[in-house]
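Subject: A structure for you to look at

Hi,

Here is the structure I promised to pass on. Have a look at it first, and then read my notes below.

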Amino acid sequence: MKKIDISTILASAIHESKNQVGTLLYQLQSLKDAMGSKDSNQKKIILIEESLKKLNDEWVEYLYLYRLASDGYDLHVDTFLLDEFLDDQVFALQPSAIAKSLELEYSCDSNLTGIFDERLMTAVVSTAVYNALRFAKSKILISAKKENAFIIITIEDDGEGFKQANDDDLPEEFLEGNTGLGLYFAELSATAHVVNDVRGFIKKESSQNLGGASLTVYLPQPTDEEF
């Protein structure tokens, strides 16, 4: 019998599990619609729904992680308006923030554009926000700017933040979750973006705006002459 690569089996299992979670979300939405907004169990249903959404996003992250780590992911970059991109992220993640009574906002120049893989960056932002939901006291902020030929996307919260001053010694709770793959995924996603041998990278540090933890993703951009 031909030997099957275990990584292929795992990838297939993850894909199947993600589909099952999607089915559960669809059925849960039907249950919510049948219950009505005044049902006493509505809040519990919403919490279950948000947990399933988080799980679904984690499966997506694992699939991308597998492909990135095995050089099986083809980067699909395009030009995006950051205001629209971040607005989409906040719209998708807002219910999770509301369920935990937290404020989720974004900030960037309305005309800022960047070139990146939308699928990867969507997964990175959602992973960072879900983990920030665990530590934030009242607010999470997603922001973007362009600086020194990099698009810089930052996710920060007003939680306890990092206690060490040295970045190399910073605890990784901000993106660890239950599996410890969050930071690794964010780093692989950033470094997959390469322009003229310049790779993207991440930084984890204390938030300058909110005082909590901060994850910053640096994505290299081509110069105007290279367009």
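In these notes, helices (H or I, at least four residues) and strands (E, at least two) are DSSP runs, numbered from the N terminus. This is a predicted model, in which local features need pLDDT of at least 70 and side-chain atom pairs count only at pLDDT 80 or more, while totals for chains, interfaces and linings use all residues. Residues are numbered from 1 along each chain as its sequence is written, and side-chain values use heavy atoms, with hydrogens and water left out.

Let's start with one residue. I152 sits in strand β5, which covers residues 150-157. Is I152 buried or exposed? With a relative accessible area of 3%, I152 is buried (buried means under 20%, exposed over 50% and partly exposed in between, using a 1.4 Å probe and protein chains only). Beyond its neighbours within four places in sequence, I152 is in contact (heavy atoms within 4.5 Å) with S143, A144, K145, E147, T216, V217 and Y218. T216 is 64 residues away from I152 along the chain, yet their C-alpha atoms are separated by 6.7 Å.

Now for helix α2. After α2 comes D71, with a positive phi near 60°.

Two packed helices are described by the angle between their axes and the distance between the axes. Here axes are lines fitted to C-alpha atoms, for helices over the stretch in contact, and angles run from 0 to 180 degrees between N-to-C directions.

Which helices does α2 pack against? One is α4 (residues 118-135): α2 (residues 42-69) packs with α4 at about 130°, their axes 10 Å apart. α2 is therefore oblique to α4 (under 35 degrees is roughly parallel, over 145 roughly antiparallel, 65 to 115 roughly perpendicular, and the rest oblique). Residues making this contact include K53, D57 and Y64 of α2 and R119, A123 and Y130 of α4.

Another is α5 (residues 182-191), which packs with α2 at about 55°, again with axes 10 Å apart, so α2 is oblique to α5 as well. In this pairing, E61, Y64, L65, L68 and A69 of α2 meet G182, Y184, F185, L188 and S189 of α5.

Happy exploring!
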